[in-house]
Amino acid sequence: MDLEKQPQQPLAPAAPPPAEVLDGDGIRASDADRDRIADILREAMAEGRLTADEHGERIDLVYRAKTVGELQPLIRDLPASSGPTARPDSEPYSYGPGGADGPADNLVAVFSSATRKGRWRVGGRTNAFALFGSVEIDLTEALFGQRFTVVNATSIFGSVDIRVPENVSLRGNGTGVFGTFEVRTLESADPEAPVVVVNGYSVFGTVEARPKRGKFVADLQRRLRKHLGH
């Protein structure tokens, strides 16, 4: 038998590589992947690395992303989150559902006044707008539903006044045009304490945020569970 005349057998196609060795850029993003990126973006905004507008644009892209490869560029210019640090001799804070991506609370004062104070549950975002009026936001008795709370304040010929407990972290980013934008920054000794970020601007008006002496967030976990009926 002449072996040279035998037809060549076609080679079997190579089996596709397992999903574990595929390029990670093409892997479908999970909800946990998106939440992890959103947490990094929230921390970056709280630290002043992103403006409120930049944060909003990137968060929108986070929840539109289909793959891990689409998520990574959104944090490429930011430091990686080291994750929350456990509170000594205590359980971590239990903030409950909610976050900066939920519906915003709106306080508007046009030739009038608007006030939010007392025992109330703070959402992730609060928008305050004063035009020839005044807005007062008092967080000293509030229950924080999440660690990061953002207040977007605009004052035009008016005032926005924000008060926080002494033992939270308070940060701000804004501008005054023939007016005043003042945030008296705080850094809590507790790495899991609430963080309040005030962004905005004033035109011939004032935006002011500062701690209220003698007011503290105390036993937050117990108060929140009681408020939620747990």
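Predicted model: local features only at pLDDT ≥ 70, side-chain atom pairs only at ≥ 80, totals over all residues.
Residues are numbered from 1 along each chain as its sequence is written, and side-chain values use heavy atoms, with hydrogens and water left out.

The chain has four helices and twelve strands; these are DSSP runs numbered from the N terminus, helices being H or I of at least four residues and strands E of at least two.

Let's start with the sheet. Five strands make an open sheet with parallel pairing, in the order β2-β5-β8-β12-β10, where strands pair if DSSP finds at least two bridges between them. At the edges sit β2 (113-116) and β10, each pairing on one side only. Inside the sheet, β8 and β12 are joined in the parallel sense over six bridges, and Val160 has Val207 in β12 as its bridge partner.

Now the cores. Which residues touch the most other members of the largest nonpolar core? They are Val135, Ile137, Leu139 and Val198, out of 27 residues. A nonpolar core here is a set of buried Ala, Val, Leu, Ile, Met, Phe, Trp, Tyr and Cys residues joined through side-chain atoms within 4.5 Å; buried means under 20% relative accessible area, with a 1.4 Å probe and protein chains only. The largest share of this core, three residues, comes from β8. Apart from it lies another core of 20 residues, including Leu41 and Val197.

Thanks, everyone, happy to chat!

Notes. Buried < 20%, exposed > 50% of the residue type's maximum accessible area, 1.4 Å probe, protein only.
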